[in-house]
Amino acid sequence: MSALAKKQIKSYLLARIRGGIQLLATLLSNLHLPNFLKGTIFQGSTKQVCVPGLNCYSCPGAAGSCPIGAMQAVVGSSKFKFSYYITGMLIFIGVLLGRFVCGFLCPFGWFQDLLHKIPTKKFSTKKLSGLRYLKYLILVVMVFLLPALVVNVVGMGNPFFCKYLCPQGVLEGAIPLSLASTSIRSALGSLFAWKSCVLAAVIILSILFYRPFCKWICPLGAFYAWFNRISLLQLQVDQSKCISCGKCGRVCKMDVAVPQTPNHNECIRCGACITACPTQAIHYQYGCKKQKTEETK
């Protein structure tokens, strides 16, 4: 068996077990399950480390910090210059994996996948492709500019995205904490009501459309998307095996033209195209060197 054939088999198996990997990644991001009953937030040393996906710091079980929340905390601080640690970590993950994080390691991405499995009529997002640029605007404005520029008298800014828009904070943080604590329930106000509406909208849209938050809103996905074309993990199409049947494009829920642009910014490396390809022409490739196709050997 050739090295390429082995890669294709491994790629197929990895894509098939994606759901299990997503479950495991969510559990590892939220190891402290007893805290859900206690209504407390874990404050251990691992909270100084960011998990790769979108997972709220205020989640009772969270073992690490959310990279977007950590970035905003630094940007909004009165002594902000530049967060080399957080930015470096995000760049490192982006170079290693690109948006593979979105497809395999993000708890909120998995949550949307589960919602989309609810049996009902589904709608395509191809005609709404222009909305994907919104997440880049949110990244620049709400994560970087507003926390740095809109500050109080002591020079501190608000974490605008986490505070006003992120639905994961309500799902993982506010709701479980309020269920376990009467004092927290009594303190909930208009901001919680607004964020709950945002979460409800994302839930409804996720049932009807595939991953609307990932496609249109998520600033973490926007950051990783910049590295998709240069990350060490890539999708490769063996043109000598491709029969142009179009099955990969039809099963791609991220609206990517797989044979032409397999490493498009919107590709989350979910592997749906790999499992759908009848000739096993698509596979994951890791490393700096591209795998030669049979035509060029």
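Reader: Which residues are linked with Arg18 in a network of salt bridges?

Author: Arg18, Asp113 and Arg211 are linked in such a network. Please keep in mind that this is a predicted model.

Reader: How many salt bridges does the structure hold?

Author: The structure holds five salt bridges. One of them joins the side chains of Arg18 and Asp113, with 3.2 Å from N to O. Arg18 belongs to helix 2 (residues 18–29) and Asp113 to helix 7 (residues 107–116), so this pair ties together parts that are 95 residues apart in sequence.

Reader: Is Arg18 buried or exposed? And what about Asp113, buried or exposed?

Author: Arg18 is buried, with a relative accessible area of 13%. Asp113 is buried as well, and its relative accessible area is 7%.

Reader: Which side chain meets Lys135 in a salt bridge?

Author: The side chain of Glu266 meets that of Lys135, at 2.8 Å from N to O. Lys135 lies in helix 8 (residues 134–149), while Glu266 is in the loop between helix 15 (247–251) and helix 16 (272–276), so the pair ties together parts that are 131 residues apart in sequence. Both Lys135 and Glu266 are buried.

Reader: And which side chain meets Lys215?

Author: Lys215 forms a salt bridge with Asp255, and the distance from N to O is 3.7 Å. This pair also links distant parts of the chain, 40 residues apart: Lys215 is in helix 13 (residues 212–216), and Asp255 is in the loop between helix 15 and helix 16. Lys215 is buried, at 4% relative accessible area. Asp255 counts as partly exposed, with a relative accessibility of 29%.

Reader: Let us change topic. How many disulfides are there?

Author: The count comes to zero disulfides. Cys102, for instance, is in no disulfide, and the nearest cysteine sulfur, that of Cys214, is 6.0 Å away. Cys102 counts as buried, at 7% relative accessibility.

Reader: How are Phe223 and Tyr224 arranged, stacked or edge-to-face?

Author: Phe223 and Tyr224 form an edge-to-face pair, with 6.4 Å from centre to centre and 80 degrees between the planes. Phe223 is buried, with a relative accessible area of 8%, and Tyr224 is buried, with 0%.

Reader: Which residues form one aromatic cluster?

Author: The cluster is formed by Tyr136, Phe223, Tyr224, Trp226 and Phe227.

Reader: One last point: which ring does Lys47 lie over?

Author: Lys47 lies over the face of Tyr57, at 3.8 Å from the ring centre.

How values were computed. Residues are numbered from 1 along each chain as its sequence is written. This is a predicted model: local features need pLDDT of at least 70, side-chain atom pairs count only at pLDDT 80 or more; totals for chains, interfaces and linings use all residues. Side-chain values use heavy atoms; hydrogens and water are left out. A salt bridge is a side-chain nitrogen of Lys or Arg within 4 Å of a carboxyl oxygen of Asp or Glu. Helices (H or I, at least four residues) and strands (E, at least two) are DSSP runs, numbered from the N terminus. Buried means under 20% relative accessible area, exposed over 50%, partly exposed in between (1.4 Å probe, protein chains only). A disulfide is a pair of cysteine sulfur atoms within 2.5 Å. Rings of Phe, Tyr and Trp (its six-membered ring) pair if their centres lie within 6.5 Å; planes under 30 degrees apart count as stacked, over 60 as edge-to-face and the rest as tilted. A charge sits over a ring if NZ of Lys or CZ of Arg is within 6 Å of the ring centre and within 35 degrees of the ring normal.
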